[in-house]
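Here is a short tour for anyone who has the model open on the screen. Have a look at the fold before you read on.

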Amino acid sequence: MIRAVRVLPLLLLPALSLLLAGCGTEKADAGAGTPSASTAPATTAEIASRARSLGFDPDLVYVIDPPGFTLAEQSVGVSDVGLSIAYTDLKTGVVITLRVEPGTMTDANCTTQAAFSTHMTCVRDGNAWYRTGDGTIEYVMAQKGHLVFVDAEQGKVTRAVLHKSAQSLRRPYKSELPVVLPSAPAK
């Protein structure tokens, strides 16, 4: 038995070196000018095809990259109302939510368009509005006839992290499309 224990680490060394050799390759490719398969942006046609197969407006398809958070695949919701995706900090369980819905917003109606509060504050912050109320903080951005909401529970996420998350708004990568817009069920 002791002999097997001494030999095991020697057998694992080649496998470990192969695993480590693959680490960091995405960063090395990152500045090379050609996006890797996982970071290649989905085309407008690819997004439209998947969205329409679900009966969903392709203009409402966005994702964000909250620092330290992971997209919770089971949280993706696509409906006639819009898109909703939750991102979770796997260490703390804190959630940042992205919602994209049809609508418009102005400085004048920012406080009256609150789904979560009748008592809220609304402050312009660059190309977005920062709103607080009922224990929620959120950034709202207007995009071509729809609104993008990035929100979290107040006190769980800093305004800086929420702002960075909102500023990371983008169209999904090809590798993200099956998660964000799953294939329509077979009839």
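## Strands that pair

How many bridges join strand β4 (residues 95-102) to β8, and in which sense do they run? Seven bridges link the two, and the strands run antiparallel. Strands here, like helices, are DSSP runs numbered from the N terminus (strands are E, at least two residues; helices are H or I, at least four), and two strands pair if DSSP finds at least two bridges between them. One spot to look at is Thr97, which stands opposite Asp151 in β8.

Keep in mind that this is a predicted model: local features need pLDDT of at least 70, side-chain atom pairs count only at pLDDT 80 or more, and totals for chains, interfaces and linings use all residues. Residues are numbered from 1 along each chain as its sequence is written, and side-chain values use heavy atoms, with hydrogens and water left out.

Strand β8 also pairs with β7 (residues 136-143), again antiparallel, over eight bridges. Gln143 has His146 in β8 as its bridge partner. The hairpin of β7 and β8 has two residues between the strands, and Lys144 takes a positive phi there, near 35 degrees. As for burial, seven of the eight residues of β8 are buried (buried means under 20% relative accessible area, exposed over 50%, partly exposed in between, with a 1.4 Å probe and protein chains only).

Setting aside neighbours within four places in sequence, Ser165 contacts Ile64, Pro66, Pro67, Ile96 and Val150 (contact means heavy atoms within 4.5 Å).

## The nonpolar cores

The largest nonpolar core has 33 residues, and Ile85, Ile96, Leu98, Val150, Leu162 and Leu181 touch the most other members. Elements that give two or more residues to this core include β3 (83-88), β4, β7, β8 and α4. A nonpolar core is a set of buried Ala, Val, Leu, Ile, Met, Phe, Trp, Tyr and Cys residues joined through side-chain atoms within 4.5 Å. There is also a second, separate core of six residues, with Met105, Cys110, Trp129 and Leu147 among them.

Helix α3 (residues 44-53) has Ile47, Ala48 and Ala51 as its buried residues. Why are they on the same side of α3? They cover an arc of only 95 degrees around the axis, so they share one side of α3 (the arc is that of the directions from the helix axis to the C-beta atoms). An α-helix has 3.6 residues a turn, so residues three or four places apart point the same way. Part of what covers the buried residues of α3 is α5 (177-180).

## Rings and charges

The structure holds one aromatic pair: Tyr130 and Tyr139, tilted, at 5.1 Å centre to centre with 50 degrees between the planes. Rings of Phe, Tyr and Trp (its six-membered ring) pair if their centres lie within 6.5 Å; planes under 30 degrees apart count as stacked, over 60 as edge-to-face and the rest as tilted. Both Tyr130 and Tyr139 are buried.

Arg99 puts its charged end over the ring of Phe149, 4.2 Å from the centre. Arg171 lies over the face of Tyr62, 5.1 Å from the ring centre. A charge sits over a ring if NZ of Lys or CZ of Arg is within 6 Å of the ring centre and within 35 degrees of the ring normal.
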